[in-house]
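This briefing is meant to be read with the structure open beside it. The points are grouped by topic, so that each can be checked in turn.

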Protein chains: 2
Amino acid sequence: MSKIKGTRAERELIHLFWKSGWSAMRAAGSGSIRYPCPDVIAGNAARHIVIEAKSTKEVCQYLTEKEVSELIEFAHIFGAEPWIAVRFDSLEQRWYFLNPEDIARTEAQNYAVTIKLAKGKGLSFEELIK
Amino acid sequence: MSKIKGTRAERELIHLFWKSGWSAMRAAGSGSIRYPCPDVIAGNAARHIVIEAKSTKEVCQYLTEKEVSELIEFAHIFGAEPWIAVRFDSLEQRWYFLNPEDIARTEAQNYAVTIKLAKGKGLSFEELIK
């Protein structure tokens with residue numbers, strides 16, 4: 001995912017949260033920071049969510065072990081729920097929100113989100129914030 | 001405050017929080033986003049804090065009405081505490097953390113943090129996270 005495309009996808013998430021009465025913000029490029037850093041953080045008085053967001057033209061989105069473990073670490077320390085957001089741009093415009101525990105591991109110990117997995121285990125945005 | 005200098009100051013705050021067992025992240029440049037956005041968000045299981053951070057070589061740091069009101073709005077929706085962090089670089093390297101309610105309003109309805117106000121009303125980082 002290119003940086004510009006990634007930024008646009010994250011901004012769409014920010015917009016969805018604000019429209020629904022949550023506050024949300026994107027993280028600054030984590031390039032030179034050595035600490036775990038999610039792409040998006042959102043919250044309301046009752047819940048706090050951190051998100052690793054990916055949009056892809058392929059039918060499978062891979063995430064590295066490091067991306068997922070750092071998301072979980074940040075969430076644990078902050079007191080937030082960790083979620084993986086994936087959008088398959090070639091197929092449809094909706095996001096799927098997955099619990100990291102539901103994502104299949106590859107042989108190399110990375111994570112793979114297929115469309116099938118997303119449809120089976122993923123929540124819609126409306127389900128996520130319910 | 002230049003963008004590079006602002007980024008460096010915010011990164012120092014991120015480092016202070018992680019060193020103290022909190023998680024923290026910087027917000028992406030809010031330039032093209034129309035929603036309120038603090039500079040830094042930090043949290044642990046018990047508390048969540050959003051920060052507008054300023055470092056200055058002057059003896060007084062001004063903040064606009066918009067900067068402060070948007071910080072408070074974000075904090076309110078997210079369920080976090082709003083704090084203004086100011087560092088007077090010509091004087092010393094420490095940060096002062098101020099409750100927006102303690103900051104004096106100027107005639108133009110903006111906010112002004114003098115060194116005297118910071119020393120009188122501001123918390124140190126250690127006091128902030130206590």
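The model is predicted, and every value given here was computed from it. Chain A is superposed on chain B by a rotation of 180° with 0.0 Å of shift along its axis, with an RMSD of 0.0 Å. That is the relation of a two-fold axis.

**Pairing of the chains**

- The two copies use the same surface, and 100% of the contact residues of chain A recur in chain B.
- Among the residues of chain A, A:Ala28 comes closest to the rotation axis, with its C-alpha at 1.9 Å.
- A:His48, which belongs to strand E3 (residues 48-56) of chain A, has contacts in chain B with B:His48, B:Phe78 and B:Gly79.

**A:His48**

- Because its relative accessibility is 10%, below the 20% limit for a buried residue, A:His48 counts as buried.
- A polar atom of the A:His48 side chain lies 2.8 Å from the backbone oxygen of B:Phe78, a residue of the other chain.

**Nonpolar core**

- The largest nonpolar core has 84 residues, and A:Ile51 and B:Ile51 are those with the most contacts inside it.
- In soluble globular proteins, nonpolar side chains tend to be buried together.
- Beyond its neighbours within four places in sequence, B:Ile51 is in contact with B:Leu13, B:Phe17, B:Pro38, B:Asp39, B:Val40, B:Leu71, B:Trp83, B:Ala85 and B:Phe97.

**Helix H1 of chain A**

- Helix H1 (residues 3-19) of chain A has 17 residues and reaches 24 Å from its first C-alpha to its last, close to the 24 Å expected at 1.5 Å a residue.
- The buried residues of H1(A) include A:Ala9, A:Leu13, A:Ile14, A:Phe17 and A:Trp18, and A:Lys5 and A:Glu10 are also among them.

**Helix H2 of chain B**

- The end C-alpha atoms of helix H2 (residues 65-78) of chain B are 20 Å apart, which agrees with the 20 Å that its 14 residues should span at 1.5 Å a residue.
- B:Val68, B:Leu71, B:Phe74, B:Ala75 and B:Phe78 are the buried residues of H2(B). Seen down the axis of H2(B), these buried residues fall within an arc of 130°, so they line one face of the helix.
- The exposed residues B:Lys66 and B:His76 are carried on the face of H2(B) turned away from its buried side.
- B:Gly79 follows H2(B) and has a positive phi, near 85°.

**Gln109 in the two chains**

- A:Gln109 lies in the loop between strand E7 (104-105) and strand E8 (111-114) of chain A, and B:Gln109 lies in the loop between strand E7 (104-105) and strand E8 (111-114) of chain B.
- Most residues other than glycine have a negative phi. Phi of A:Gln109, however, is positive, near 70°, and phi of B:Gln109 is likewise positive, near 70°.
- A:Gln109 counts as partly exposed at 43% relative accessibility, while B:Gln109 is partly exposed with a relative accessible area of 42%.
- The side chains of A:Gln109 and A:Arg105 are joined by a polar contact of 3.2 Å.
- A:Gln109 and A:Leu63 are 46 residues apart along the chain, and their C-alpha atoms are separated by 9.8 Å.

Note on methods: Residues numbered from 1 in each chain as written. Chains lettered and ligands numbered in written order. Predicted model: local features only at pLDDT ≥ 70, side-chain atom pairs only at ≥ 80, totals over all residues. Heavy atoms only, no water. Least-squares fit on C-alpha atoms with pLDDT ≥ 70 in both. Contact = heavy atoms within 4.5 Å. Core = buried A, V, L, I, M, F, W, Y, C linked by side-chain atoms within 4.5 Å. Buried < 20%, exposed > 50% of the residue type's maximum accessible area, 1.4 Å probe, protein only. Helix = DSSP H or I, 4+ residues; strand = E, 2+ residues; numbered from the N terminus. Polar contact = N/O pair within 3.5 Å; in protein donor to acceptor, adjacent residues only side chain to side chain. Expected span 1.5 Å × (residues − 1). Arc of directions from axis to C-beta.
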